[in-house]
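Let's take a walk through this model together, with the structure open beside the text. We'll go from one chain to the other by way of the surface between them.

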Amino acid sequence: MRKSGLPWKPGSLQPAPRLARRKTEKIRGKHAALCFATMAVMLGLPLWWKTTETYRAALPYSQIGHLDSMLLRLRVPVSVVFIQGSLPIVDQQKLPFTVVNERDVPLKCKMKLKCRFQLAYRMAGSHEEKAFKKDTIEEAEAALPLPKEDTLGSLNIFVIPEKSSLLPKDKMSYIGPKRTAFVRGTQVRQALTVMGQRILQVAQSMSLTDEVLAAALGDRLPEDKVSLDKRRPLKSSLGYEITFSLLNPDPKSHEVHWDIEGAVENYVQPFLSLLSVVGNFSMDSQILYYAMLGVTPRFDAASSSYTLAAYSLPHVINPVEARLGSRATSLYPVINFLLYVPERAHSPLYIQDKDGARVATNAFHSPRWGGIMVYNVDPSAYNTTKYPVKVDVDMVPVMEVFLSQMRLLFGIPPPQMPENFLLGDPPREGLRSWEVDRLVWARTVENVATVVTTLTSLAELLDKIGNIVIKDNVASEVYRAVDAIQEAVVELSAGNLELAFRYSREAVTSSEKAFFDPSLLHLLYFPDDQKFAIYIPLFLPMAVPIFLSMIKIIVENQKARKDIEKVD
Amino acid sequence: MAAPLVLHLLLALLLGSGGRSGAEPERDSLREELVLTPLPSGDVSATFQFRTRWDSELQLEGVSHYRLFPKVLGQLISKYSVQELHLSLTQGFWRTRFWGQPFLQAPAGAELWVWFQDSVVDVDKSWKELSNILSGIFCASLNFIDSTNTVTPTASFKPLGLANGTNHHFLRYAVLPREVVCTENLTPWKKLLPCSSKAGLSVLLKAERLFHTSYHSQAVHIRPVCRDAHCVSVSWELRQTLTVVFDAFTTGQGKKDWSLFRMFSRTITEACPLASQSHIYVDISRNSQENETLEVSPPPTSTYQAVVLGDRRTYAVYDLLNPATFSGSRSLNLQLRWKQFQDIGSQLVPFLHAQRYVSGYGLQKGELSTVLHNTHPYRAFPVLLLETVPWYLRLYVHTLAITTKGKENKPSYIHYQPAQDRLRPHLLEMLIQLPANSVTKVSIQFERALLKWTEYTPDPNHGFYVSPSVLSALVPNLVGAKPANWEESPLFSTMFPVSDSSSYFVRLYTEPLLVNLPTPDFSMPYNVICLTCTVVAVCYGSFYNLLTRTFHLEEPKRSRLVRIAVKNK
């Protein structure tokens, strides 16, 4: 071609027809090369693209993007009822009306969080008035007609006359075991504003306290807002398995009997039935023999007892854990409660705190894992020649400890109220209704936050790694999660806590299912060097000639144009 | 003979009731037992059995409280509605011909068979999940159990415990002959024992010694049993068994004598305080009355005589719960000394034993043969033979031949389920009558299938395992046996339910087979890619050149002339 590409050589003796033939031949060659190139581009490329494509179903990327910077508004509906005489007459005439109080919670991330207390003020009806004729506050509370709105998350606050004898003199307000509170009224000017502040304080401590938000949001809060003790409650889950284990390391000396059936039925079951909104609970118990703690206790000669120091407690759990057995039949997190009866050679055994003082309960708990209690055998039992000594565990103190540990593990710490608040005793089951509400608030916010993180990181991951296959079922789970989370946000701002919680749980389930779907991993690890090992031998011999002839055609065209210009 | 036995039982009962001081009796109990049998070949077999019995309805949902019964297994039973579960993990092969009939044989590798309750809707799904969970509990590769190695035998595996119906649709059976058993399987097994490995017989379970043996088999059997003689209510029984065969020659420096310490490098110091019965039995049957051939020390407190596996056996019994056992020294180190050792030749070959082998040459066809021996001098008995063959060996059923003494032997029952590629294996079950003193050969030809590239195991040239055949038979007794009280007789004799006194049930496994399949060169796909690419490149290149280049004639003469002209100038 090169040779034929040098036309009009001086002195060339080419006859005209031969020249013409060569020219047409050249044009034909050019056409053929172009044809190859177009075929490769039009047919080959799409074919290659289509056959090597990874299937990626469409995902709602923009919606997920919006989730990251969404506004989460937590609405707490509070109905405030004024009893006759609790307000100046002037203010009474303004009722009923609704006040909205909104508070921003600063967060580290783009998400915005607002707590909105919606206080609906009204005067008391005749039924309610009657209840406040009682002598004590508990009776008054019991006599109150059932409020119309006694749903999860709602609050009822009654304002009683300033001079009322229902409350002790030094107390400003009373918080009952249900979703009810009493606040002392006032007769000062601008009474409604003053009362508003008081009511808000009560409402806040019954629902969205800083502790609740800290438990729910964890790392998202600015550092100074995170509560000082790093008590981390169990993560939100659909269910929990609770295992009670009795450790008897010395069955030769102790024959330990515990009435766990009765204890579970009388103490744990009622407690957990109140928490059933949060998840399913299953319980079992076992007795483990020859299960030792990982630490040898230190002998304390002064009290002739053995002690476990606080710093050695972290080493106690691991060796025991191996014996506890794995959860075979469900994927829910397990909470362990161990009752340890120390061997005879090491009893009595006491746990020391950091300052060296004995822990009164002789128990400790490990966040997100469970609790351990040491149960010492009465030393007088050893005054016998017959071994093993029969030990009947007194389940009441044991269960008291375990239940209080359970509260801590679930993130329901004992409420801390300002001085002038009177706290009603919890009901027999051990949990006040508003404490459960606080837990549900925390869990809902936590769920929403978790889903947002899961979905955004999933979207980011899928965006970054093009190799990941997105199957239809994964996509549908993502859609479901996005829908559910949006529903949950809507319900939260409407004040329907129960629905919001249900939606948030749905969203968590779907988003986790999508995130952990094994199909995502199928092609993830297909290495690029293998791909090139296959492509290069195939494409190099094909592509190089096409490229070369293309370049040549372009060069020739340019040359031809130049020649024409020259001729001109 | 019966007097000491009764006395012994009485003693055991008294001790048992004395252990629990009044109050309500516990609803679960533990019995542990070790049987030491000097084998005809001179080796020693040790069989541990730990039985936890729980008088409770495990199937009921809700809160469950466990004491001796392990929680993990209890949860498993109630969640998957298991009727019976038998899992064994075995390293080595029990050589029936030389070692005699075992109490409980297991095939090499892992074996799992489960009867589900008839309330289970999707048996296959439960089976899959159950095997996955068991795989986690015992650190074994039971998760490789899938439809390609699972079968549903129709006759061979009947429930061993109480069962209402025996609809075999609720049974699943799988063997993984490739499974290697090691310490990591023993540790979780030991963890299930109430006394762990801290007291009682389980102290002897030292992994280092247990795996330095010719045969190691550990098993878990769960089944419902009658709570009492009236059998109104059900109790659950968990049996953990472990059988090891020590090569007496290598452990004993050339002598056949043995002791607990020499075998396990441990001695027993105390009984498990949780056990209601803790016995060691030593087989001293060969100590005939005329001449004393062996001596055990310390001398046993009692002896036990029974018809075990068709033969009359005498056992020296050591009761660990009896303080007198440890009175001499602080620890019990059982020893056996031979005064005169009998050779293998003089020993009786068991009535039933079998071998299996694969024959043929080349990589296309082959033949599976199972040889069944009945050495009983005058009694014929039927044998149920179960063969499971993986789908990649395609059986030719028309070549199935069963010959005894040169004549064809027609099976009275035959069940054949053909394989489906990549879905299920072949299942062949036959009831064959074995005439007295005969050798029966069952053979079937097969063709090897080609596997897909990804279906080969990591080391395909090692070969592919074919699970052993299973023989179930009622073998006639040599001597008549009296039906014994089931709950009071030693554990080793109560694994299989006894129906009549003239015969005993035996389940034997043959050797697993290793078959070579045609194996490709695994770098082949890359070679193929490179080759095709080269061919494409060459063809395409020339084709492209041909089409796009223009060709014309050169005039070499002229150019040369020009050159010459230039030169001459």
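How many helices and strands does chain B have? Chain B has 10 helices and 27 strands, where helices (H or I, at least four residues) and strands (E, at least two) are DSSP runs numbered from the N terminus. Before going further, some ground rules: this is a predicted model, in which local features need pLDDT of at least 70 and side-chain atom pairs count only at pLDDT 80 or more, while totals for chains, interfaces and linings use all residues. Residues are numbered from 1 along each chain as its sequence is written, chains are lettered from A and ligands numbered from 1 in the order in which they are written, and side-chain values use heavy atoms, with hydrogens and water left out.

Back to chain B. Of its 569 residues, 52% count as buried; buried means under 20% relative accessible area, exposed over 50%, and partly exposed in between (1.4 Å probe, protein chains only). Contacts here are heavy atoms within 4.5 Å. Take the contacts in chain B with a separation of 6 or more: 77% of them come from residues 24 or more positions apart.

Val114(B) makes a handy example. Find Val114(B) in strand β5 (residues 109–116) of chain B. Is this residue buried or exposed? Val114(B) counts as buried because its relative accessibility is 0%. Setting aside neighbours within four places in sequence, Val114(B) touches Val82(B), Glu84(B), Leu85(B), Trp127(B), Leu130(B), Phe170(B), Leu171(B) and Arg172(B).

Next, the annotated stretches. In the model, residues 31–49 of chain A are 100% helix, with end C-alpha atoms 26 Å apart. Residues 532–555 of chain A are also 100% helix, and their end C-alpha atoms lie 31 Å apart. In chain B, residues 526–547 are 100% helix too, with 31 Å from end to end between C-alpha atoms.

Now for where the two chains meet. On the chain A side 49 residues are in contact with 48 residues of chain B. The area buried between them is about 4200 Å², with carbon and sulfur atoms giving 57% of it; buried area is the accessible area (1.4 Å probe) that two parts lose on being put together, summed over both. Phe36(A), Tyr290(A) and Thr329(A) supply 16% of what chain A buries against chain B, more than any other three residues.

What about polar links across this interface? There are 11 residue pairs in polar contact, both at pLDDT 80 or more. A polar contact is a pair of N or O atoms within 3.5 Å; within protein, one must be able to donate a hydrogen and the other to accept it, and residues adjacent in sequence count only if both atoms are side-chain atoms. Elements of chain A that each supply at least two residues of the touching side include α1 (16–52), β9 (280–289) and α14 (528–567).

The rule also finds two salt bridges across the interface, a salt bridge being a side-chain nitrogen of Lys or Arg within 4 Å of a carboxyl oxygen of Asp or Glu. Asp284(A) and Lys71(B) form a salt bridge, 3.7 Å from N to O. Asp284(A) sits in strand β9 of chain A and Lys71(B) in helix α2 (residues 71–80) of chain B, so the pair joins two chains. Both residues are buried.

Over all chains the structure holds 26 salt bridges. In one of them, Arg73(A) pairs with Glu102(A), their closest N and O atoms being 3.0 Å apart. Arg73(A) is in strand β1 (residues 71–82) and Glu102(A) in strand β2 (residues 97–105), 29 residues apart. Arg73(A) is partly exposed at 25% relative accessible area, and Glu102(A) is partly exposed at 36%. Lys390(A) and Glu255(A) form another salt bridge, 3.9 Å from N to O.
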